[in-house]
Amino acid sequence: MTKKQFFLLFMIPAFAILFFLAFYPLISAVYYSLHNWDLRSTRPIRFVGLQNYLRLLTDPRFSNALRVTGVWLVTTLFGSVFLGGGLLAPLIHDFTRGRWRTFCLFVFIIPALLPRIGAAYMWRLMYSPAIGLFNYFTRLIGIGRVGFLDNPAYALFSIAVIDIWQWSLLIAALTMILFEEVPQEIIEAGVLDGARRWQLYRYLIFPVIIPPFLSIFFIKAMESLRTFDFIFVLTAGGPGKSTETIDMYAYWQGIGSAGRISYASAMSTTMLVLTIVLITLVWKGLAKWHS
């Protein structure tokens, strides 16, 4: 069998399946976003052009969802990266050796292995005003009951704590693995020059691991933009609309209650474009900063 025949026999079917899985939902979303498919209506589906996109511009609920998504992205992304990669990883790397370091890596990975729905219900119990662990301590110090998930001022950040808990430990473990790849000669040269520990990380270690660390950063950024499960289980977008992200709003408009498939598809397509633009801008900015 020639190379060409091998390619045709094995690679083309694989590419066709991947193309179907990756692009068919996207093409369908764009197609329906340009039509008026409404599950509550018996009218035939017809082409409406950019009407759904123009409607988004004047929809205050969409503007609120966009703001909530931005707050969620910044809080969970920078909280996880700073806490895990910037604080926890250097501390554990400096104060543990051998089996203890391996044990820490194992423990840090466990939260990421937990099913997110199960983790959400676990934290829901801990946030409970009646039997929750956090309210036990708030009553103990005299603050009284706190509605972590019931108060619009706290709800989004209370859910963000769960996401940061799950991701910061994983990022810390991955960052510690990256630290092992830094040549010891560089660190020893810095020590001989009298650099302090934070200076070693700031000027020698982190610049070396920045390229692979950026991959972790962008994976977390994309995950934050698509978070749905935590918010759906804990608040379903409430109280009010204080935790309603674009994903959540698209769900309610599409299949949750309203049945406006085309309008929800327009939101999803808009979110995809915004994500691509944001990731591209951040990537170019970080690449320029690193160079």
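What follows is a walk through the pockets, a cavity and a surface patch.

Before clicking, note that this is a predicted model, where local features need pLDDT of at least 70, side-chain atom pairs count only at pLDDT 80 or more, and totals for chains, interfaces and linings use all residues. Residues are numbered from 1 along each chain as its sequence is written, and side-chain values use heavy atoms, with hydrogens and water left out.

**Stop 1: the largest pocket.** Select V81, I210, F213, F217 and L286, which lie nearest the centre of the largest pocket among its 23 lining residues. Now colour α3, α9 and α12 (261–290), the elements that each give two or more residues to that lining. The largest share, 9 residues, comes from α9. About 630 Å³ of space lies in here. By class, the lining has 19 nonpolar, 3 polar and 1 charged residues.

A pocket here is an open set of points on a 1 Å grid over the protein atoms alone, with protein on both sides within 12 Å along at least five of seven lines; a cavity is a set where a 1.4 Å probe fits but cannot get out, and lining residues have an atom within 4 Å of a point. Points are joined across faces, edges and corners, and a volume is the space filled by probe spheres set on them. Helices are DSSP runs (H or I, at least four residues), numbered from the N terminus.

**Stop 2: the second largest pocket.** This one holds about 420 Å³ of space. Select R226, S268, M271, L272 and T275, the closest to its centre of the 16 lining residues. α12 gives the largest share of the lining, 8 residues, while α1, α9, α11 and α12 each supply at least two.

**Stop 3: the cavity.** At least two lining residues come from each of α3 (60–95), α9 (197–225) and α11 (246–256).

**Stop 4: a surface patch.** Finish with F6, F7, L8, L9, F10, M11, I12, F15 and L18, a nonpolar patch on the surface with about 860 Å² of accessible area together. Zoom in on F6, in helix α1 (residues 3–33).

Note on methods: Patch = residues over 30% accessible without salt bridge, like charges linked within 9 Å, V, L, I, M, F, W, Y side chains within 5 Å. Areas by Shrake-Rupley, 256 points an atom, 1.4 Å probe, with all protein chains shown as cover. Salt bridge = Lys/Arg side-chain N within 4 Å of Asp/Glu carboxyl O. Nonpolar A, V, L, I, M, F, W, Y, C, P; charged D, E, K, R; others polar.
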